[in-house]
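Hello,

Here is the structure I promised to pass on. Please open it and follow along with the notes below.

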2 protein chains.
Amino acid sequence: MTDVTTASPPASSQAPAPTRDRLIRAAAELFRNKGYNGTGLAELLAAAGAPKGSLYHHFPNGKSDLALAASTWASDQMLALIDAAFAPAPSFRAGAKTVCYKLAKLFDKQGKWSGCPVSATLFAGPENNAFRQHAADLFESWIAATARHAQRLGLPQEEARAAAENFYILLQGGWQLARVRRDSDVIRALHTQMQMPPQKTD
Amino acid sequence: MTDVTTASPPASSQAPAPTRDRLIRAAAELFRNKGYNGTGLAELLAAAGAPKGSLYHHFPNGKSDLALAASTWASDQMLALIDAAFAPAPSFRAGAKTVCYKLAKLFDKQGKWSGCPVSATLFAGPENNAFRQHAADLFESWIAATARHAQRLGLPQEEARAAAENFYILLQGGWQLARVRRDSDVIRALHTQMQMPPQKTD
């Protein structure tokens, strides 16, 4: 599995610094709603209740380091959601339906304008290879986690991988449509568009 | 059909003002690559070769008016691409495949980092209802145009609508994956994931 944890707060090896966590959570929330470039440093520090010095103490490169850490943190929530939905599921399709329902609920809770926490943070930032590669790693980790569940639930390896990628694409595209329509039902219904097994017509 | 042309340059009723067109094209290009908030006014004027006064002459509210016009202009290109792909197609699936190939070619030409010109412009901007509604109208116009072709090519009305929406979602989600992977083949293969007819399992 792609390692998505390198930029996230240490989970158990040491006591997490509350300021660092507050910075990450505030950044994830702000970037998701206003984008990387739309979020000012002063606004970020105010939301985290953190002095400027502590930002650079924890994130030497400031906002761009924080973007990597915040998107990893948000991605970890997505991985947890994927696992929680698929772990008790009787089939891949049933687990996928639960993912859709959980995401739709999250969408409603977040006020119907939030973007994908990874793309809103890393795509909206400066074009650089660190951001692009990190976004690629995080997305691949969602696809890999989904594919593992698909395989565990009976799909052959290649089909599991294709179904996971198709599901990721539907979630990303569906989230955008839900966002402009302010309608979480778009997300709730995405599992009905899943293609299993993939057609090989190309 | 949703009218997507109100904010675009007049096509034939009068001679278009070159400065206005240059501003729109430069804005569409910059917003797509750097996002709304990532694009500075000075950079925009320099790219368009336009003085500041002409920006406010053509777009009284400045950058936000320009965002609406630029996303409309870019959306019109997408509508033209949809029509060009489907018009000669023997089937909806064949037309959709051509859309994927044309978009993949565009993706390669644009340097593999460009975002969707509508979402990169209107989602990355300030949260306001004008931007959200405009994005909704533009996306709906793509779906409506696709659905008309689907119906003309033999799909019943409801299936045509569902197939068009599914295709839109695949294109949006697939473009994001192609972007992080820098791989236009993701887009080229999207038509193989189309679901026709839609399953009603919900």
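Ser91(B) sits in the loop that links helix 4 and helix 5 of chain B. Helices here are DSSP runs (H or I, at least four residues), numbered from the N terminus. Ser91(B) has 14 C-beta neighbours inside 10 Å, so it counts as partly exposed. The cut-offs: buried means 20 or more other C-beta atoms within 10 Å, exposed means 12 or fewer, partly exposed is in between, with C-beta atoms placed from the backbone. From Ser91(B) to Ser119(B) is 28 residues in sequence and 29 Å in space, C-alpha to C-alpha.

A note on the source. This is a predicted model: local features need pLDDT of at least 70, side-chain atom pairs count only at pLDDT 80 or more, and totals for chains, interfaces and linings use all residues. Residues are numbered from 1 along each chain as its sequence is written, while chains are lettered from A and ligands numbered from 1 in the order written.

Now the two helices. Helix 4 (residues 63–86) and helix 5 (residues 92–109) of chain B pack at about 135 degrees, axes 8 Å apart. Axes are lines fitted to C-alpha atoms over the stretch in contact, and angles run from 0 to 180 degrees between N-to-C directions. Helix 4 of chain B brings Leu81(B), Ile82(B), Ala85(B) and Phe86(B) to the contact; helix 5 of chain B brings Gly95(B), Thr98(B), Val99(B) and Lys102(B). Contact means C-beta atoms, placed from the backbone, within 7 Å.

Last, Ala70(B). Beyond four places away in sequence, Ala70(B) touches Ile24(B), Ala27(B), Ala28(B), Phe31(B) and Thr121(B).

Best wishes

Terms used. Contact = placed C-beta atoms within 7 Å.
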